[in-house]
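This report describes selected features of a single structure. The sequence and the coordinates are shown below for reference.

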Amino acid sequence: MRIARFSSGEDVGFGLIEAEQDSGQEYVARMSGHPLLGNIQLTGERAKLEDVRLLSPVLPSKVVCIGKNYADHIAEIADVTGEPTDDPAVFLKPSTAVTGPGDPVFYPPISERVDFEGELAIVIGRVCREVPRERVKDVVFGYTCANDVTARDLQQTDKQWTRAKGFDSFCPLGPWVETGLSLEEAGDLRVTTTVDGEVRQDGRTSSFIHDIPAMISYITSFMSLLPGDVVLTGTPAGVGPVEVGQQMTIAVEKVGELSNRVVARE
Ligand code: MG
């Protein structure tokens with residue numbers, strides 16, 4: 001299933017993405033209640049996908065990010081982030097960084113280099129802590145696309161990454177949560193980033209240094225995860241700067257595409 005959060009007029013709700021077989025026309029079928037709280041029931045109401053505004057598919061209490069999870073990316077950015085570590089490198093983005101598909105990413109005037117980082121994002125489905133590898137499949141709700149937008153110059157000068165990674169709008173998520181992938185499938189997906197249509201990153205999640213069970217198991221060894229929390233899984237090689245006006249698109253195979261334009265902060 002593909003579960004989106006959307007607004008239509010004054011209403012905000014969740015819906016299933018459906019496609020009509022003959023025409024290919026996509027619809028959002030409205031659900032009652034909250035998909036993370038149990039039964040998924042449709043109200044019978046539906047709208048064409050292009051007639052609604054998709055929102056960030058979840059509102060996480062926190063976004064937990066894994067850094068340095070692809071060897072080729074570690075190599076390209078060693079001058080900023082140093083050597084690989086044995087354990088996963090973990091940092092947080094605040095919930096206020098989250099924004100939705102099509103929303104602007106605001107370029108902070110204080111930065112002179114803002115980078116895209118295309119990533120597979122994991123959406124957590126239940127309260128969990130100390131999850132062993134073999135139980136990770138029980139706590140994953142689904143997957144979406146993420147852009148771990150980073151003020152690279154501030155990441156270098158600040159040493160710790162909270163400001164560089166944490167500006168409002170620096171965590172686009174979407175377009176929906178795909179709930180139908182097994183851990184094995186999620187561990188072998190193509191992740192690409194294009195800027196104004198030009199391919200800049202093209203990796204596969206099979207290149208993860210720490211696989212999804214290792215990430216979730218490690219994070220929950222010291223931090224509880226809540227329903228709707230999001231884990232960013234790291235970015236492949238090819239990160240680079242964007243300028244105001246450019247359009248970044250993160251595509252994750254079998255999940256979807258997430259596009260956001262860089263906009264000057266007024
Ligand atoms: Mg990242």
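A residue is termed buried under 20% relative accessible area, exposed over 50%, and partly exposed in between. The model discussed here is predicted.

## Aromatic pairs

Four aromatic pairs are found in a search of the whole structure. In one of them, Tyr 70 and Phe 208 have ring centres 5.5 Å apart and planes at 65 degrees, so the pair is edge-to-face. This pair connects distant parts of the chain, 138 residues apart: Tyr 70 lies in the loop between β6 and α1 (71-76), and Phe 208 in the loop between β16 (198-204) and α7. Tyr 70 and Phe 208 are both buried.

A further pair is formed by Phe 167 and Phe 170, whose ring centres lie 5.2 Å apart; the planes stand at 55 degrees, so the arrangement is tilted. Phe 167 has a relative accessible area of 21% and is therefore partly exposed. Phe 170, at 0% relative accessibility, counts as buried.

## Charges over rings

Two arginine residues are placed over aromatic rings. Arg 46 lies over the face of Tyr 27, at 3.6 Å from the ring centre. The charged end of Arg 265 sits over the ring of Phe 106, at 4.1 Å from its centre.

Phe 106 also takes part in strand pairing, standing opposite Val 263 in β20. Strand β9 (residues 105-107) pairs with strand β20 (residues 256-264) in the parallel sense, over three bridges. Three residues separate β19 and β20, which form a hairpin, and Lys 254 in the turn has a positive phi of about 70 degrees.

The magnesium ion is coordinated at 2.0 to 2.1 Å by Glu 117 (OE), Glu 119 (OE) and Asp 148 (OD). The spacing of these donor residues in sequence is E-x1-E-x28-D. Glu 117 has 3% relative accessibility and therefore counts as buried. Glu 119, at 1%, likewise counts as buried.

An open sheet is formed by three strands in the order β13-β10-β18, with antiparallel pairing. Its edge strands, β13 (150-151) and β18 (240-242), each pair on one side only. Strand β10 (residues 114-116) pairs with β13 over two bridges, and Asp 115 has Thr 150 in β13 as its bridge partner.

Thr 150 is also among the contacts of Gln 155, together with Val 80, Thr 81, Trp 161, Ala 164 and Lys 165, when neighbours within four places in sequence are left aside. Gln 155 belongs to helix α4 (residues 152-158). At 2% relative accessibility, Gln 155 counts as buried.

## Nonpolar cores

The largest nonpolar core has 30 residues, and those with the most contacts inside it are Ile 122, Tyr 143, Ile 212, Ile 216 and Val 231. Among the elements that give two or more residues to this core are β11 (118-124), β12 (140-147), α7 (212-219) and β19. The greatest contribution is that of α7, with four residues. Apart from this core lies another, of 21 residues, including Phe 14, Leu 16, Val 98 and Leu 173.

Leaving aside neighbours within four places in sequence, Ile 122 is in contact with residues including Tyr 143, Ile 212, Ile 216 and Val 231. Its contacts also include Gly 142, Asp 229 and Thr 233.

Note on methods. Residues are numbered from 1 along each chain as its sequence is written. This is a predicted model: local features need pLDDT of at least 70, side-chain atom pairs count only at pLDDT 80 or more; totals for chains, interfaces and linings use all residues. Side-chain values use heavy atoms; hydrogens and water are left out. Two strands pair if DSSP finds at least two bridges between them. Donors are N, O and S atoms within 2.8 Å of the metal (3.2 Å for Na, K and Ca); water is not among the atoms, so sites may look incomplete. Buried means under 20% relative accessible area, exposed over 50%, partly exposed in between (1.4 Å probe, protein chains only). A nonpolar core is a set of buried Ala, Val, Leu, Ile, Met, Phe, Trp, Tyr and Cys residues joined through side-chain atoms within 4.5 Å. Contact means heavy atoms within 4.5 Å. Rings of Phe, Tyr and Trp (its six-membered ring) pair if their centres lie within 6.5 Å; planes under 30 degrees apart count as stacked, over 60 as edge-to-face and the rest as tilted. A charge sits over a ring if NZ of Lys or CZ of Arg is within 6 Å of the ring centre and within 35 degrees of the ring normal.
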